[in-house]
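Welcome to my notebook. I looked up a few things here, and you are welcome to follow along.

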Amino acid sequence: MKCPICNNEMQEGGLVIDGVAPGWVPMEQFQKKGLKRIVYTGLRTIGKTNILLSETKVSNAHFCKYCNKIVGIFDITNSIDD
């Protein structure tokens, strides 16, 4: 895959998260401060969680050694609707 920033070839790989699965939220939820951060609405998680190993693996992540960036296209694994 070509880097969308510098157009050099990227290294294929994946993300490994130790603990809780990463998630995406809309900007207004992302900008919450203080105790409002306890509950997010519109959360979409990515990755496959292994509870026994306490890790989440996310495939389709590409690394550019020139820009030092990671780019990915991720499938949503679950959603919590508003």
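I call a residue buried under 20% relative accessible area, exposed over 50%, and partly exposed in between, with a 1.4 Å probe and protein chains only. The model is predicted, so local features need pLDDT of at least 70 and side-chain atom pairs count only at pLDDT 80 or more, while totals for chains, interfaces and linings use all residues. Residues are numbered from 1 along each chain as its sequence is written, and side-chain values use heavy atoms, leaving out hydrogens and water.

**Entry: I38.** I found I38 in the loop between helix 1 (27-30) and strand 3 (44-46); helices (H or I, at least four residues) and strands (E, at least two) are DSSP runs, numbered from the N terminus. I38 counts as exposed because its relative accessibility is 66%.

**Entry: A61.** Is A61 buried or exposed? I noted 4% relative accessibility, so A61 counts as buried. A61 sits in strand 5 (residues 55-64). Leaving aside residues up to four places away in sequence, A61 touches Q11, E12, G13, G14, L15, I70, V71, G72 and F74; contact means heavy atoms within 4.5 Å. I also checked K36: A61 and K36 are 25 residues apart in sequence and 31 Å apart in space, C-alpha to C-alpha.

**Entry: cysteines.** How many disulfides are there in the whole structure? My search found zero, taking a disulfide as a pair of cysteine sulfur atoms within 2.5 Å. For C6, the nearest cysteine sulfur belongs to C67, 3.4 Å away. For C64, the nearest is that of C6, 3.6 Å away. C64 is buried, because its relative accessible area is 0%, whereas C6 counts as partly exposed at 29% relative accessibility.
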